[in-house]
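Keep the structure open while reading.

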Amino acid sequence: MRFFHVLLATLAVTVPLVARADSPAAGKVFKDCAFCPELVVIPTGSVIAGNPKDYDDPEPDAPKRPTVTIAKPYAIGKYEVTQAEWEAVMGSNPSENKGPSNPVEHVDWRMVQDYIAKLNAKSGQTYRLPTEAEWEYAARAGSAATYSYGEDEKKLGEYAWFAANSGNVTHPVGKLKPNAFGLYDMHGNVWEWTADCYMEKFIAGLKDQKFSKDWETGCYRVTRGGSALNLPMAVTSWYRASLKQPLHNANLGFRLAKTLP
């Protein structure tokens, strides 16, 4: 796995505002079908992104931390997609550390796209992977800190399965504390695929949709969140990693997203 720790430029992402009276309320948890994942409606707004330590230069002209602004309603998985959810759609389970409530793993980006296509056909819904900006916005849950709950690394084991407490294996989803948006395992357990190709300034990637759609480019796809095998630095809200397609392993999974009215 290739890891990247980068300095993000001062950028703002603004998605065109869509306000609808029938839009689901922020924080609502819903499930479209018996074999569909539970999703949480994410509130629109802005959050300061990036690594706080990269922007602690006191000079007046020092770069400022980027702001991610989400104005278009969307929902994201309350949990990482489980092995039971995968098997209900695909009929098989590629995971190494078996358990119906454990996150599915050993899935590459193309396998995830196949799952989404079959899930959408079977359910009549329009699930997708989250963009990288959507993932960070959801992971932070309003926090500009290193972790969704703050800066205290000693509390990480309350929220994340990582090298210090996991035994180097994945665990059933939802067993630790959620973030302020009600999302579980955004830190640790398995790395999570996003829709985007890796770009040094990830926010800029949203301006060119080919980075989210074109498998044939052979790009490195962004993964986020860290895993049960990683040290605290890699399970932060800001740490970015990328994988060359079609790599897959026992600490790599995903969660779904969905655009809302």
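Trp-86, Tyr-115 and Phe-254 form one aromatic cluster. The model is predicted: local features need pLDDT of at least 70, side-chain atom pairs count only at pLDDT 80 or more, and totals for chains, interfaces and linings use all residues. Residues are numbered from 1 along each chain as its sequence is written, and side-chain values use heavy atoms, with hydrogens and water left out.

**Aromatic pairs**

Rings of Phe, Tyr and Trp (its six-membered ring) pair if their centres lie within 6.5 Å; planes under 30 degrees apart count as stacked, over 60 as edge-to-face and the rest as tilted. A search of the whole structure finds nine aromatic pairs. Two of them are tabulated here.

| Pair | Centre to centre | Angle of planes | Class |
|---|---|---|---|
| Trp-86 and Tyr-115 | 5.0 Å | 10° | stacked |
| Trp-191 and Tyr-239 | 6.4 Å | 50° | tilted |

Trp-86 belongs to helix α1 (residues 83-90) and Tyr-115 to helix α2 (residues 109-123), so their pair ties together parts 29 residues apart in sequence. Helices here are DSSP runs (H or I, at least four residues), as are strands (E, at least two), numbered from the N terminus. Trp-86 is buried at 2% relative accessible area, and Tyr-115 is buried at 0%. Buried means under 20% relative accessible area, exposed over 50%, and partly exposed in between (1.4 Å probe, protein chains only).

Trp-191 sits in strand β9, and Tyr-239 in the loop between β10 (220-224) and β11 (240-244), so this pair ties together parts 48 residues apart in sequence. Both Trp-191 and Tyr-239 are buried.

**Charges over rings**

A charge sits over a ring if NZ of Lys or CZ of Arg is within 6 Å of the ring centre and within 35 degrees of the ring normal. The charged end of Lys-122 is placed over the ring of Phe-35, 4.6 Å from its centre. Arg-221 lies over the face of Trp-109, with 3.7 Å to the ring centre.

**The disulfide**

Which cysteines are joined by a disulfide? Cys-33 is joined to Cys-36, with S to S at 2.0 Å. The cut-off for a disulfide is a pair of cysteine sulfur atoms within 2.5 Å. The search of the whole structure finds one. The torsion about its S-S bond is about 90°, so the disulfide of Cys-33 and Cys-36 is right-handed. Both Cys-33 and Cys-36 are buried.

Nine of the nine residues of α3 are buried. Among them are Glu-132, Glu-134, Glu-136 and Arg-140. Ala-141 follows α3 and has a positive phi, near 50°.

Ser-166 is in the loop between α3 (132-140) and β9 (191-197). Is Ser-166 buried or exposed? Ser-166 is buried, at 3% relative accessible area. Its side chain reaches the backbone nitrogen of Asn-168 at 2.9 Å. Not counting residues up to four places away in sequence, Ser-166 touches Trp-161, His-171 and Ala-228. Contact means heavy atoms within 4.5 Å.

**The whole protein**

The secondary structure comes to four helices and 13 strands. Of the 261 residues, 54% count as buried. Among contacts with a separation of 6 or more, 73% come from residues 24 or more positions apart. The accessible surface is about 11100 Å², and 54% of it belongs to carbon and sulfur atoms. Accessible areas come from the Shrake-Rupley method with a 1.4 Å probe; for residues, only the protein chains shown count as cover.

How values were computed
A polar contact is a pair of N or O atoms within 3.5 Å; within protein, one must be able to donate a hydrogen and the other to accept it, and residues adjacent in sequence count only if both atoms are side-chain atoms.
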